[in-house]
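Take a look at the model below. We will walk through it one site at a time.

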Amino acid sequence: MNQQELLEKIKEAVMDGDDDLAVEAAGQALQSGIPALSILNDGLMAGADVVGKKFETGEYFLPQLMLTGRAIKAAMAVIEPDLKSGLAGAQAAEAGVVVLATVQTDIHDIGKNIVGSMLTASGFVVFDLGVDVPIKTIIAKAQEVKADIIGCSALLTTSMPFMRDLVDLLGAMGQRQAFKVMVGGASVTPEFSERIGADGTAPNAVQAVQLARRLVSQRRAEAGGAA
Ligand code: B1M
């Protein structure tokens, strides 16, 4: 089987919600030399997109979404060590402190967990508050641990506005400059991030780490300038 066929096999395993096949195919893909990031983007997320579209059109139902989520999680366990080792070269102790959460009303956590895991592997201290987290709880934790970055994940168009509310609430509290705010999730675009006044977004976990590094550098430069 060539590399394109292996990626297709992963995509189909995710579409079928077949966790055993997803694990097997992810392992074969790694062995054949496909980079872990490509397995994530071109295999797992590509399969999730198809399932999402079939769910929208009424061809698939909630059980299929659940099986798809399970298959992605299972395959992630196979590729995660490689994803992390790809980042290890640039690892720095105490790269920054991140408070991470899926915002209130939203329970999608697969992408957030991958982002959290990649940030940790890159030397960030991550406080992952889980899913369906009220924005006030996120801000309180960020204040408590003196976070550099608040990272919010949301996959529902109905939960994304809570990320705007978080930015607005920080402003109302006079705390907007205290933290960098990073947002993400399948429907989050750079335009959305800019519109709500966040400091940036990333389409995947590897770019999320790069963004987090940039934001911490900016924050430290700003703090140095203010001193
Ligand atoms: Co749901 N779901 N779901 N779902 N689900 C979507 C999101 C949907 C797009 C499917 C669709 O209809 N096309 C749709 C949302 C539509 C919309 O609002 N526009 C949807 C819906 C409607 C729902 C329910 C409402 C269904 C229902 O009950 N009727 C319900 C909502 C529950 C709730 O949250 N209150 C629901 C439930 C579920 C399950 C629980 C069954 C399951 C989630 C399991 C879990 O997370 N533990 C599920 C799944 C699996 C999906 C899809 C198919 C796949 C999501 C996923 O895990 N992708 C999804 C379709 C899709 O996304 N195309 C869909 C893989 C993951 C690796 O990608 O999360 O995008 P992603 O994360 C990426 C990047 O986005 C980025 O990096 C990650 C890794 O590379 N990233 C960040 C993520 N967070 C970041 C944060 C950052 C930076 C980058 O900075 C802080």
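**A walk through the model**

Ser159 sits in the loop that joins strand E3 (149-153) to helix H7 (161-172). Helices (H or I, at least four residues) and strands (E, at least two) are DSSP runs, numbered from the N terminus. This is a predicted model: local features need pLDDT of at least 70, side-chain atom pairs count only at pLDDT 80 or more, and totals for chains, interfaces and linings use all residues. Residues are numbered from 1 along each chain as its sequence is written, and side-chain values use heavy atoms, with hydrogens and water left out.

Is Ser159 buried or exposed? Ser159 has a relative accessible area of 0%, so Ser159 is buried. Buried means under 20% relative accessible area, exposed over 50%, and partly exposed in between (1.4 Å probe, protein chains only). The Ser159 side chain makes a polar contact with the side chain of Asp106, at 2.7 Å. Such a contact is a pair of N or O atoms within 3.5 Å; within protein, one must be able to donate a hydrogen and the other to accept it, and residues adjacent in sequence count only if both atoms are side-chain atoms.

Next comes Ser117, in helix H5. Ser117 counts as buried because its relative accessibility is 12%. Its side chain makes a polar contact with the side chain of Lys84, at 3.4 Å.

Now find Thr57, in the loop between helix H3 (36-56) and helix H4 (62-88). Thr57 has a relative accessible area of 62%, so Thr57 is exposed. Thr57 and Glu194 are 137 residues apart in sequence. In space they are 30 Å apart, C-alpha to C-alpha.
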